[in-house]
Amino acid sequence: MKTIYTKLTYLFVIVSTLFISCDDGFEEENTNPDASNQVDPEYMFTKAIYDALNNSTGTVYEFGAGGFVQHFATYLEVPGLGDKYLYISGSYPYAFFNGAYLDAINEIDKIIYATEGAEGLSNQNAIAQIWKVYTYHRLTDLYGMVPYTEATTAFSEANYSPVYDTQEAIYMDMLNTLQSASGSLDANQPSFGNGDLIYNGNVDQWSRFANSLMLRLAMRLTKVNPTLAEEWAQKAISAGIIAEPSNNAIIDYPGGQVINSNPIAFQLRNNNYSESNQGSSNTEGGKFADTFISYLKENNDPRLSSFAAVWINGSQKTDPELQQGMPNGLVNRPENFPGLSEPNLNTLLSLNSSLMVLGSAEMNLLLAEASARGWTSGDAQSYYLEGIRDAMNSLEGLYGNEAAVSEEEINTYIASQSLTGSLEEQMETIHTQFWVSVFPDEIEVYSNWRRTGYPELTPVNVTGNLTGGTIPRRLTYPPSEISVNTENYEAAVSQQGLDLFTTRVWWDVEQ
């Protein structure tokens with residue numbers, strides 16, 4: 001079995017010493033008869049899915065990436081990393097790093113180790129490999145260089161100081177892994193069953209998921225290596241991606257216990273938007289950002305009522321004319337704070353709402369870009385409009401009837417949309433729409449914004465900010481890496497650049 005590399009280092013040494021020094025028979029007497037020392041791949045896969053998606057959804061989604069892309073705002077300093085580019089205290093810059101290794105990465109590697117070469121488990125191994133790429137690509141996109149090839153070798157190889165792999169090497173391995181895993185899936189072989197919360201073991205859908213993730217990663221390379229981006233984008237498209245909503249990767253949450261609740265809804269309710277606050281005493285001073293709300297209002301986007309609400313006389317109102325966002329960069333509570341827009345508790349923050357992991361709206365928008373670049377056949381405008389339609393149609397299924405956008409509203413909005421002009425003008429149109437349509441997947445929206453520069457956002461320049469008044473380009477490593485894995489941390493910083501919010505990751509080439 002493999003395990004996490006640094007958090008359990010000292011515990012491992014202490015426990016090992018105790019076992020050596022104790023009397024014979026201690027291990028037998030103190031073995032839990034109800035615990036298993038064997039990995040159950042299906043059970044572990046359920047946990048790996050939950051943990052990958054439940055990682056720092058408040059810290060990153062609202063207070064980090066969600067603020068960077070100006071979906072959210074806060075007037076307070078402590079949670080002001082995304083809003084004001086300040087880091088006062090807490091774990092905002094590195095919570096995702098710690099959470100990824102401790103849970104999801106550790107778990108998915110155990111599944112891969114347990115199923116590697118095992119008879120009848122080839123599909124489980126391939127699906128686990130695909131999910132490992134999904135888990136890692138979010139991590140490396142937020143931080144750049146991270147431990148990858150040696151990340152979970154503490155138990156198997158007693159390696160407590162894993163090297164940091166370059167992001168270029170990680171990306172190439174992820175792309176190759178997706179291609180290999182997708183190609184190895186066999187519908188005639190057993191797969192996961194109920195333990196697969198996304199596709200219930202359907203290998204055709206997992207193949208499309210892998211190819212769609214391949215397209216996402218391929219497009220990430222357009223600035224750093226457009227030739228390679230085109231090559232992998234064409235591989236992904238030809239292999240078959242999630243182009244139809246019927247193949248969307250979605251997790252349903254029944255609500256109730258924490259683990260059964262939509263993780264974004266749970267964390268945002270707990271941190272800021274509880275019903276008891278009624279918009280006036282939000283713990284972290286958060287609201288929707290003026291940039292986001294103003295864009296939706298000015299463009300008559302029918303999704304405004306699905307996402308946003310204001311508190312009036314003890315209830316949330318979704319009328320578009322009532323919605324108003326809070327400017328980013330405030331250092332004092334605005335007088336009209338109680339009446340500003342925040343997420344709708346009955347839709348976006350419903351605990352039993354579903355979560356879009358990867359869907360056709362995003363894929364069609366990326367196809368629109370690929371077509372505009374001449375990388376694939378099909379009409380860019382048609383892909384673009386289909387992306388909008390899929391995004392709007394998905395809201396009812398994700399968030400319930402109250403979030404539904406009518407066919408008439410969709411058609412009216414689409415009639416106002418066109419994809420024309422130069423490639424750069426089309427890029428702005430496509431990826432401004434991406435900024436709305438992929439919300440609330442803030443990690444992906446933030447990564448796509450860094451790649452494309454769209455929508456054009458005006459940064460704030462609050463006194464004491466850490467970036468010179470520019471939107472951060474990455475998150476910073478945890479203090480534990482500096483103290484425990486010092487040599488490899490320093491090697492990574494030496495190669496990638498200083499451990500600052502302004503240092504760009506490999507694919508985020510300045511242009």
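Biologist: Polar contact here means N and O atoms (any pair of them) within 3.5 Å, one able to donate a hydrogen and the other to accept it, with adjacent residues counting only through side-chain atoms on both. Which side chain does Asp301 join in one?

Modeller: First, the model is predicted: local features need pLDDT of at least 70 and side-chain atom pairs 80 or more, while totals for chains, interfaces and linings use all residues. Residues are numbered from 1 along each chain, and side-chain values use heavy atoms, without hydrogens or water. At 2.8 Å, the partner of the Asp301 side chain is that of Arg303.

Biologist: Is Asp301 buried or exposed?

Modeller: Skip the neighbours within four places in sequence, and Asp301 still touches Leu296, Met392, Tyr413 and Val436 (contact: heavy atoms within 4.5 Å). Its relative accessibility is 4%, and the cut-offs are under 20% for buried and over 50% for exposed, partly exposed in between, with a 1.4 Å probe on protein chains only. So Asp301 is buried.

Biologist: How many aromatic pairs does the count come to?

Modeller: Phe, Tyr and Trp (six-membered) rings pair with centres within 6.5 Å; planes under 30 degrees apart are stacked, over 60 edge-to-face, the rest tilted. Going by that rule, the total is 31.

Biologist: What kind of pair do Tyr101 and Tyr136 make?

Modeller: Their ring centres are 6.4 Å apart with the planes at 75°. Tyr101 is in helix α6 (residues 95-115) and Tyr136 in helix α7 (residues 122-143), 35 residues apart, so the pair links distant parts of the chain. Both count as buried, Tyr101 at 2% relative accessibility and Tyr136 at 1%. Because of those planes, the pair is edge-to-face.

Biologist: How many residues apart in sequence are the parts that Tyr164 and Tyr477 tie together?

Modeller: Tyr164 and Tyr477 are also edge-to-face, 5.3 Å centre to centre with 85° between planes. Tyr164 is buried at 8%, and Tyr477 at 4%. Since Tyr164 is in strand β3 (residues 164-165) and Tyr477 in the loop between α19 (442-452) and α20 (479-484), the separation is 313 residues.

Biologist: Which ring does the charged end of Lys287 sit over?

Modeller: The test wants Lys NZ or Arg CZ within 6 Å of the ring centre and within 35 degrees of the normal. Arg373 lies over the face of Trp375, 5.3 Å from the ring centre. For Lys287, 4.6 Å from the centre, the ring is that of Phe337.

Note on methods:
Helices (H or I, at least four residues) and strands (E, at least two) are DSSP runs, numbered from the N terminus.
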